[in-house]
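User: I'm new to reading models like this one. Could you pick one part, look at it closely, and then show me how it compares with a few other places?

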Amino acid sequence: FQAEDGIRDSVASRGLGDVYKRQLQAQLAQARSPEEYVDMLQHGVTHFPRTALFWRLYAEHERSLSGPAAGLAVLETGGSSALPWCRCDPELWRVACELRRDCGRREDELGPESKALGRAFERAVAVAGAAPDAAPLWRCYVDWCANAAPVGLRKRLRRSALERACLVPGDGTEEAYAELDREARETSDRELKDLVKCLEPHRVAARKDGVARSQLWHAARHADGDELGKWRIVVAYERASAPKKSTATDLLPAETKAAALHYACGRRRVAAAYRAACDANAGDAPELFLEFAAWCGDDDDAPFESPFDVDADGPLFAGAPAGPEAAARALEEATAAAPTSVLVVAARAALLDRLDRPSEAEAALEALVDAAPLTDDPDAREGELDAAPWALLERHARRHGGKEAGRAVFARTQGLRASKKLSAKIYEAHAALELSMNGDVDAARRTFELGLSQRPELLLANDATSVSYTHLTLPTKA
């Protein structure tokens with residue numbers, strides 16, 4: 001019942017809760033009975049669901065006692081807690097794929113069993129295949145492709161896996177290039193020979209990059225302080241190392257494919273860094289999700305060609321999520337991780353509006369209003385609600401429903417305003433809307449005056465507010 005010594009997950013320190021988690025990991029090695037060991041693991045996956053080690057040890061333990069179906073049940077029961085889109089842990093995904101492989105039966109023709117297993121492998125390498133320690137996961141996938149996949153697809157699947165694995169800098173992935181090179185030497189396939197030759201310089205660069213990359217990832221995963229800062233270094237390194245898309249038009253077919261593989265590998269590396277950073281910091285750093293969503297929207301790659309239904313898992317399970325739908329899903333995950341973050345929800349609502357999905361944007365803003373985040377305004381009373389969610393909802397309603405729809409949202413705040421539970425900024429926000437979107441100077445002036453009668457400190461809050469009010473009270477020229 002001995003857990004691996006020195007293994008630490010990538011979850012950032014979060015005070016006393018993180019201390020308990022570390023203690024539990026140490027106690028696993030000292031369990032006095034199978035029952036106590038299982039109790040510890042159950043406690044781990046229940047109270048620390050973002051710790052991959054607990055899920056993996058629990059699944060492996062159940063497999064050793066009751067077979068692969070029992071181990072797989074642990075992970076499937078855990079659902080998105082066990083294997084979410086951002087769980088960039090190659091060993092956990094490898095165990096999940098092995099369990100599914102051992103539960104099924106081999107099919108010589110492409111059928112339900114092989115489709116499900118192939119999709120599981122593709123999901124695994126998409127999420128964790130670009131991590132620097134992903135070689136065992138790729139090795140497991142290549143072995144299945146070569147020896148147990150549907151007969152007619154084995155050659156194609158194996159080559160595709162090797163082509164994607166050979167350019168990932170890290171420990172052991174150079175084996176993938178060695179296999180491709182050996183096959184090229186032993187075959188008369190001119191296309192493969194040319195491709196391997198064109199991949200050689202990229203492979204050499206990846207090998208040189210592997211040591212530094214592995215060290216950065218290791219430092220972030222095993223950080224004992226400033227975990228967010230170390231993951232930011234990883235993200236910055238991967239983004240700086242990512243190649244630009246080739247625009248050359250005079251390349252040979254093999255050169256074009258090699259350049260495309262190199263570019264795709266770079267994007268998968270960046271995606272892996274963001275996945276790991278988001279998983280480690282979750283609701284404590286919502287800006288990571290915003291950066292990831294913006295990065296997703298920077299590109300719109302062609303979908304990966306696969307005989308398996310890889311698109312069914314959604315855009316975040318692609319190796320390198322790209323396009324506005326992937327960005328929208330990233331912001332949806334950000335909202336789940338930080339439901340009271342005005343910045344995150346505002347970004348998500350704005351993107352949904354651009355995607356012509358106003359009802360979803362409204363639902364997101366209503367959820368933010370219901371979450372009732374407190375204001376961080378130093379001039380506000382203690383315990384006051386932030387006015388920004390209401391202001392965002394009012395602007396959305398005005399944009400899609402007209403003047404009265406926006407004003408109706410402001411009217412909904414009457415009770416909160418009367419009891420002074422809502423930040424006085426709500427008056428300024430509504431006055432600004434009346435002026436900028438409705439063009440109604442009188443309504444804006446009346447809003448300011450109402451605010452001043454109920455919250456006189458509004459005028460003294462800052463100079464900008466004073467200037468705005470003074471402008472509104474100046475007599476208008478005939």
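Analyst: Of the 478 residues in the protein chain, 48% count as buried, where buried means under 20% relative accessible area, exposed means over 50%, and partly exposed is in between (1.4 Å probe, protein chains only). Keep in mind that this is a predicted model, so local features need pLDDT of at least 70 and side-chain atom pairs count only at pLDDT 80 or more, while totals for chains, interfaces and linings use all residues. Residues are numbered from 1 along each chain as its sequence is written, and side-chain values use heavy atoms, with hydrogens and water left out.

The chain has 23 helices and zero strands. Both are DSSP runs numbered from the N terminus: helices are H or I with at least four residues, strands are E with at least two. Take contacts (heavy atoms within 4.5 Å) between residues at least 6 apart in sequence: 64% of them join residues at least 24 apart.

Now for the close look, at α6 and α7. The axes of α6 (residues 112–128) and α7 (residues 135–147) come within 10 Å and cross at roughly 155°. Axes here are lines fitted to C-alpha atoms, for helices over the stretch in contact, with angles from 0 to 180 degrees between N-to-C directions. That crossing makes α6 roughly antiparallel to α7, since over 145 degrees counts as roughly antiparallel, under 35 as roughly parallel, 65 to 115 as roughly perpendicular and the rest as oblique. On the α6 side, the contact includes Leu117, Phe121 and Val125, and on the α7 side Leu137, Trp138 and Trp144 are among the partners. Sorted by type, the contact residues are ten nonpolar, two polar and one charged. (Nonpolar covers Ala, Val, Leu, Ile, Met, Phe, Trp, Tyr, Cys and Pro; charged covers Asp, Glu, Lys and Arg; the others, Gly among them, are polar.)

Buried residues of α7 include Leu137, Trp138, Tyr141 and Trp144. The buried set packs against α5 (90–103), α6, α8 (154–165) and α9 (174–186).

Back in α6, have a look at Val127. Val127 has 0% relative accessibility, so it counts as buried. Leaving out residues up to four places away in sequence, Val127 touches Pro84, Trp85, Arg87, Cys88, Trp93, Arg275 and Phe317. Then there's Arg268: it sits 141 residues from Val127 in sequence, but their C-alpha atoms are 8.7 Å apart.

Trp390 and Arg398 of α17 are among the residues making the contact, along with Ile426 and Leu433 of α20. That contact divides into six nonpolar, two polar and three charged residues.

Helix α20 also pairs with α21 (residues 441–454): the axes come within 7 Å and cross at roughly 170°. That makes α20 roughly antiparallel to α21. Among the contact residues are Tyr427 and Leu435 of α20 and Val441 and Phe448 of α21.
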